[in-house]
Amino acid sequence: MDIEQLIIGILENNLAWLLLAALVIILIVKSVKIVPQSEQHVVERFGRLRAVLGPGINMIVPFIDRIAHKISILERQLPTASQDAITRDNVLTQVDTSVFYRITEPEKTVYRIRDVDSAISTTVAGIVRAEIGKMDLDEVQANRNSLIDTIKATVEQAVDDWGIEVTRAEILDVNLDAATRAAMMQQLNAERARRAQVTEAEGSKRAVELAADAELYASEQTAKARRVLAEAEAYATQVVAVAINENGIEAAQYQIALKQVEALGAMSGADGNQTVIVPAEAVAAFSDAFKLLKGRS
């Protein structure tokens with residue numbers, strides 16, 4: 001009992017100090033705030049914005065300041081949204097989009113917009129409809145990357161007052177109604193048939209050109225051969241003319257005799273000719289040729 005009375009006495013004598021220590025501990029706990037790396041905390045004082053606490057250890061005035069909002073600064077993805085849009089050539093499309101963003105200025109996001117996701121979705125839908133309305137369907141399909149860049153830049157301008165940074169914007173799909181898809185398929189088949197006909201016509205044209213080139217080449221070669229033969233014949237005639245001019249009539253008779261001998265040789269060497277009738281003039285030609293050869297020797 002003595003020990004209990006001693007403890008009670010100590011507590012009674014130091015109660016004020018104990019209460020003061022407890023109050024100090026409570027004040028420290030209330031004033032020190034640890035903010036995670038992925039968050040920022042918005043502090044209000046009497047209902048007004050006081051400060052934005054960044055990651056780490058922060059100090060506030062206890063019982064006066066309070067953390068009103070804990071905002072995640074991680075990148076967020078809006079749910080995939082589908083909106084109808086009409087192209088410049090009056091084709092109804094259904095565009096699936098997705099937007100990625102993160103909060104960079106929590107004080108603007110908290111006090112300037114109530115539902116951030118809904119506001120961004122509505123903004124994206126309006127921008128997508130406006131941009132697709134400026135383009136034909138073929139341009140939408142072919143220029144999807146430039147369309148995405150345009151949507152991203154326009155959304156960034158629209159949400160700049162909300163303390164939001166749009167990191168990415170994606171067009172996931174562009175869907176068409178059944179009638180439009182059927183019409184596009186018919187157009188595609190017609191285009192393929194046209195290309196096949198053009199290719200076939202070009203092949204036929206090329207074949208005709210090659211055949212004409214071959215005939216031209218053959219004619220050129222034939223003409224060259226004839227020119228060579230004519231030049232050879234002219235040269236031989238010139239040689240004979242020179243011989244006749246130098247040796248007189250004997251040279252001419254000698255050439256005639258040689259031609260007759262060559263003709264008889266050709267006749268005797270032909271297939272199916274077993275018997276050769278030699279005219280008297282041929283015998284005389286042989287005799288004249290031998291005489292001329294003898295005379296030359």
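Of the contacts in the protein with a separation of 6 or more, 64% are accounted for by residues 24 or more positions apart. The structure under discussion is a predicted model. Its secondary structure comes to nine helices and nine strands, and 23% of the 297 residues count as buried. The account below begins with individual residues in strands and loops and then turns to a pair of helices.

Strand E6 spans residues 76-77 and includes Arg76. With a relative accessible area of 29%, Arg76 is partly exposed, since the partly exposed class lies between the 20% limit for buried residues and the 50% limit for exposed ones. Phe100 is 24 residues away from Arg76 along the chain, yet the C-alpha atoms of the two are separated by 5.5 Å. Neighbours within four places in sequence aside, Arg76 is in contact with Ile71, Val99, Phe100, Tyr101 and Ile103.

One of these partners, Tyr101, has its place in strand E8, residues 92-103. Is Tyr101 buried or exposed? Its relative accessibility is 1%, and Tyr101 therefore counts as buried. Tyr101 and Gln77 are also 24 residues apart along the chain, and a distance of 6.5 Å separates their C-alpha atoms. Once neighbours within four places in sequence are left aside, the contacts of Tyr101 include Leu74, Glu75, Arg76 and Leu78. Further along the chain, Tyr101 is in contact with Val116, Asp117 and Ile120, and also with Ile164, Glu165, Val166 and Thr167.

The C-alpha atom of Asp65 lies 7.7 Å from that of Arg50, a residue 15 positions away along the chain. Not counting residues up to four places away in sequence, Asp65 touches Val43, Glu44, Arg45, Arg50 and Ile60.

Two phenylalanines in loops deserve a separate note on backbone geometry. Phe46 is not a glycine, but its phi is positive, at about 55°. This residue, Phe46, lies in the loop between strand E2 (39-45) and strand E3 (48-53). Phe46 has a relative accessible area of 70% and is therefore exposed. Phe63, likewise a residue other than glycine, has a positive phi near 65°. The loop that holds Phe63 runs between strand E4 (56-59) and strand E5 (65-72). At 59% relative accessibility, Phe63 counts as exposed.

H4 contains 17 residues and reaches 24 Å from its first C-alpha to its last, close to the 24 Å expected at 1.5 Å a residue. Its buried residues are Val116, Ala119, Ile120, Thr123, Val124, Ala125, Ile127, Val128, Glu131 and Ile132. Which elements are included in what covers these buried residues of H4? The cover includes strand E7 (81-86), E8, helix H3 (106-112), H5, H6 and E9.

H6, residues 144-158, has 15 residues and spans 21 Å from first C-alpha to last, close to the 21 Å expected at 1.5 Å a residue. Leu147, Ile148, Ile151 and Val155 are buried in H6. Why do they lie on the same side of H6? They cover an arc of only 100° around the axis, and this places them on the same side of the helix. The face of H6 turned away from that buried side carries the exposed residues Asn145, Asp149 and Gln157. The buried residues of H6 pack against helix H4 (116-132), helix H5 (137-142) and strand E9 (164-176).

Two packed helices are described by the angle between their axes and the distance between the axes. The axes of H4 and H6 come within 10 Å and cross at roughly 135°. H4 and H6 are therefore oblique to each other, and their crossing is right-handed. On the H4 side, the contact is made by Thr123, Val124, Ile127, Val128, Glu131 and Ile132. H6 contributes Leu147, Thr150, Ile151, Thr154, Val155 and Ala158 to the contact.

How values were computed. Residues are numbered from 1 along each chain as its sequence is written. This is a predicted model: local features need pLDDT of at least 70, side-chain atom pairs count only at pLDDT 80 or more; totals for chains, interfaces and linings use all residues. Side-chain values use heavy atoms; hydrogens and water are left out. Helices (H or I, at least four residues) and strands (E, at least two) are DSSP runs, numbered from the N terminus. The expected span of a helix is 1.5 Å times one less than its number of residues. Buried means under 20% relative accessible area, exposed over 50%, partly exposed in between (1.4 Å probe, protein chains only). The arc is that of the directions from the helix axis to the C-beta atoms. Contact means heavy atoms within 4.5 Å. Axes are lines fitted to C-alpha atoms, for helices over the stretch in contact, and angles run from 0 to 180 degrees between N-to-C directions. Angles under 35 degrees count as roughly parallel, over 145 as roughly antiparallel, 65 to 115 as roughly perpendicular and the rest as oblique. A crossing is left-handed if the near helix is turned anticlockwise from the far one by less than a right angle, and right-handed if clockwise.
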